[in-house]
Amino acid sequence: MSFPFYRPRRLRKGEVLRRMVRETNLTPDDFILPLFVTYGKGIKNPIKSMPGIFQLSVDNIKKEAKEIKSLGIPSVILFGIPEHKDEVGSSANDPHGPVQEAIKAIKDKVPDLVVITDVCMCEYTSHGHCGIIKNKDVDNDATLELLSNEALSHAEAGADMVAPSDMMDGRVGSIREALDDNGFTNIPIMSYAAKYSSAFYGPFRDAAESTPKFGDRRSYQMDPANSNEAIREVILDIEEGADIVMVKPALPYLDIIRRIKEDFGYPLAAYNVSGEYSMIKAAAEKGWLDGDKAMMESLISIKRAGADMILTYFAKDAAKILNK
Ligand code: PBG
């Protein structure tokens with residue numbers, strides 16, 4: 001069938017027809033909103049490189065949680081900014097750390113908001129790397145125990161799910177074992193399975209105060225040039241017990257999202273990262289593009305590529321538009 005008999009424009013005539021043939025739909029149910037929890041009280045620090053995003057203390061997180069839930073967003077993922085950092089990130093499993101306290105506060109106030117926690121050492125180490133340093137590199141196996149302890153402390157505080165983002169080999173298995181041995185057999189793991197070493201994390205590192213003090217993360221995060229390697233990473237994580245796998249960042253890696261969805265059929269999350277957020281915000285502030293439209297187009301493209309869940313700083317803004 002070809003022109004002039006077939007005319008694709010026939011079905012683009014008017015919004016109602018377009019809605020009828022639309023192949024992908026976004027809903028607030030798709031979103032997981034990242035939150036930055038800091039110590040102290042009454043804190044709401046704006047993050048300069050991420051307009052509209054704040055570091056919040058636990059009391060403010062509580063208020064925020066109510067609003068998030070009321071917008072129909074089912075879930076948040078917590079990142080902590082601890083008061084003290086050291087070489088081995090000892091505050092990562094502090095039962096009274098910002099993340100642990102925030103979990104309790106949210107579960108107390110808004111129990112059906114699903115609380116996921118990011119499990120990583122970079123926010124807790126003085127050098128900003130995602131594990132223990134030996135000979136100027138992150139020591140993989142020694143880091144596993146710390147990550148497991150951190151995940152366990154989140155589960156003990158009441159987290160609904162843990163999400164390791166460190167990219168150490170074997171961490172999903174190690175965390176699964178620690179959770180199971182301590183009675184948390186029902187806590188799922190969302191693994192940052194294909195996490196690339198990306199320039200798009202820049203603004204996040206301002207927000208989480210986790211920029212590495214030396215070197216970069218290329219000895220543990222993936223090379224952006226690789227696609228088969230993402231498959232191997234996903235296989236490992238699934239074999240080790242991951243319940244949900246993630247691709248991160250999202251927009252520059254839509255091909256990876258699609259490939260993993262097709263190859264595995266596992267619940268798939270995609271992280272629309274800080275740089276993807278800030279680029280749109282910055283361009284919109286300059287009047288160079290329509291921020292809301294660029295946001296919605298980005299989110300629908302991530303879903304169209306195959307993501308079941310989207311971690312995004314746009315969650316509230318997009319939910320407001322979708323709820324209209
Ligand atoms: C921690 C972590 C990072 C992000 C999520 N978890 C930063 C990094 O790996 O450097 C980035 C998220 C974002 O940019 O929005 N390892």
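Author: This is a predicted model. In it, the second largest cavity is lined by Met168, Asp169, Gly170, Arg171, Glu233, Leu236, Asp237 and Glu240.

Reader: Which helix gives the most to the lining of the second largest cavity?

Author: That is helix H7, residues 228–240, with four residues.

Reader: And how do the residues of that lining divide by class?

Author: Five are charged, two are nonpolar and one is polar.

Reader: How much space lies in the second largest cavity?

Author: About 30 Å³.

Reader: How many cavities of 30 Å³ or more does the count come to?

Author: Two. The largest cavity holds about 130 Å³ of space.

Reader: What takes the space of the largest cavity?

Author: The ligand does; the space it takes is the largest cavity.

Reader: Which residues lie nearest the centre of the largest cavity?

Author: Cys122, Lys195, Tyr201, Phe204 and Lys248, out of a lining of 19 residues. By class, that lining has nine nonpolar, six charged and four polar residues.

Reader: Now the ligand itself. Which residues around it come nearest?

Author: There are 18 residues around the ligand, and the nearest are Lys195, Arg205, Lys248, Ser274 and Tyr313. Sorted by class, ten residues of this shell are nonpolar, five are charged and three are polar.

Reader: How much of the ligand's accessible area does the protein cover?

Author: On its own the ligand has 400 Å² of accessible area, and the protein covers 100% of it.

Reader: Let's switch to pockets. What volume does the largest pocket have?

Author: About 600 Å³. Its lining is made of 15 residues, and those nearest the centre are Arg22, Thr24, Asn25, Met296 and Ile300.

Reader: Which elements give two or more residues to that lining?

Author: Three helices: H1 (15–20), H10 (291–305) and H11 (315–323). H10 gives the most to the lining of the largest pocket, with six residues.

Reader: How do the residues of the lining divide there?

Author: In the largest pocket eight are charged, five are nonpolar and two are polar.

Reader: And how much space lies in the second largest pocket?

Author: About 260 Å³. The second largest pocket is lined by 15 residues, and Gly52, Ile53, Phe54, Glu64 and Lys316 lie nearest its centre.

Reader: Which elements each supply at least two residues of that lining?

Author: Strand E1 (31–38), strand E3 (54–57) and helix H11. E1 gives the most to the lining of the second largest pocket, with four residues.

Reader: Last one. What classes do the residues of the second largest pocket's lining divide into?

Author: Nine are nonpolar, five are charged and one is polar.

How values were computed
Residues numbered from 1 in each chain as written. Predicted model: local features only at pLDDT ≥ 70, side-chain atom pairs only at ≥ 80, totals over all residues. Heavy atoms only, no water. Near = heavy atom within 4 Å. Areas by Shrake-Rupley, 256 points an atom, 1.4 Å probe, with all protein chains shown as cover. 1 Å grid on protein atoms, 1.4 Å probe; cavity = no way out; pocket = protein on both sides within 12 Å on 5 of 7 lines; lining within 4 Å. Sits in = over half its atoms within 2 Å of the grid points. Nonpolar A, V, L, I, M, F, W, Y, C, P; charged D, E, K, R; others polar. Points joined across faces, edges and corners; volume = space filled by probe spheres on them.
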